[in-house]
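Have a look at the model first, then read on.

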Amino acid sequence: MSDLFNNDLYKTISRPSEGLYKDKGSKFIAFAYPVTGQEEIKAHIERTRKEYHDARHHCYAWMLGHDRLTYRVNDDGEPSGTAGKPILGQINSHNLTNILIIVTRYFGGTLLGVSGLINAYRSAAFSCIQNAQIVEKALHDYYLLSFGYNQMNDVMRVLKEENISQSDQVFDTQCSLTVNFRLSAKDKVLAKFSRIEGLEVKYIQTR
């Protein structure tokens, strides 16, 4: 985890994917989603419950943050530890974050037992990860810059030198714009900004 933090890189999936595992008549359908917040996670879970309302269980696990410290598991009525934890185990074994995996189970009439359930939920989660495109992303800091028109050239010079992305520009007597750059470049960029007299730098978020 420390290497991920120092390098400001993390692994996630680029788009939703699905997987499937069957055992003794039971069908385990797995859905993986790239996510950035808990409201988004909640919406995916609610939509899945609604769309597959006739299924017996909707078990899931999710993880957020490049440090991989924020996560949750849910067995949704299955014996404790047989569903959510095996799903989370697959997230961990592939070193992923900002991901939600839901496994929807249609009961086939035959009990699988604890070990059978663990294997089924693990295999279903593995299946949808295998079908996903895993990507490596860099963490970015976002700041709001406010400055007078006379500081425009100095600000733009730093943005060009450091290849900094910008948006929401307002260029008038008083100017402002939103910038973002890799977390690993934070100290260098902020040091350059600090040398521009009259420039106000306000932190917005890291994502």
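This is a predicted model: local features need pLDDT of at least 70, side-chain atom pairs count only at pLDDT 80 or more; totals for chains, interfaces and linings use all residues.

Residues are numbered from 1 along each chain as its sequence is written, and side-chain values use heavy atoms, with hydrogens and water left out. A search of the whole structure turns up seven salt bridges (a side-chain nitrogen of Lys or Arg within 4 Å of a carboxyl oxygen of Asp or Glu).

- Helices (H or I, at least four residues) and strands (E, at least two) are DSSP runs, numbered from the N terminus.
- Arg 49 and Asp 76 form a salt bridge through their side chains, at 3.6 Å from N to O.
- Arg 49 belongs to helix 2 (residues 38-51) and Asp 76 to the loop between strand 5 and helix 3, so this pair ties together parts that are 27 residues apart in sequence.
- Arg 49 is partly exposed at 32% relative accessibility, and Asp 76 is partly exposed at 25% (buried means under 20% relative accessible area, exposed over 50%, partly exposed in between, with a 1.4 Å probe and protein chains only).
- Glu 78 pairs with Arg 105 in another salt bridge, where the closest N and O atoms are 2.9 Å apart.
- Because Glu 78 sits in the loop between strand 5 and helix 3 and Arg 105 in strand 6, the pair ties together parts that are 27 residues apart in sequence.
- Glu 78 is buried, at 9% relative accessible area, and Arg 105 is buried too, at 4%.

- The side chains of Lys 192 and Glu 161 meet in a salt bridge of 3.0 Å, N to O.
- This pair links distant parts of the chain, with Lys 192 in helix 6 (residues 186-194) and Glu 161 in helix 5 (residues 152-161), 31 residues apart.
- Lys 192 is buried with a relative accessible area of 19%, whereas Glu 161 is partly exposed at 47%.
- A network of salt bridges links Glu 161, Glu 162, Lys 188 and Lys 192.

**Helix 3 and its neighbours**

- In helix 3 (residues 84-93), the buried residues are Gly 84, Pro 86, Ile 87, Leu 88, Gln 90 and Ile 91.
- These buried residues pack against strand 4 (57-64), strand 5 (70-74), strand 6 (99-106) and helix 4 (113-130), with contact meaning heavy atoms within 4.5 Å.
- Asn 95, which follows helix 3, has a positive phi near 60°.
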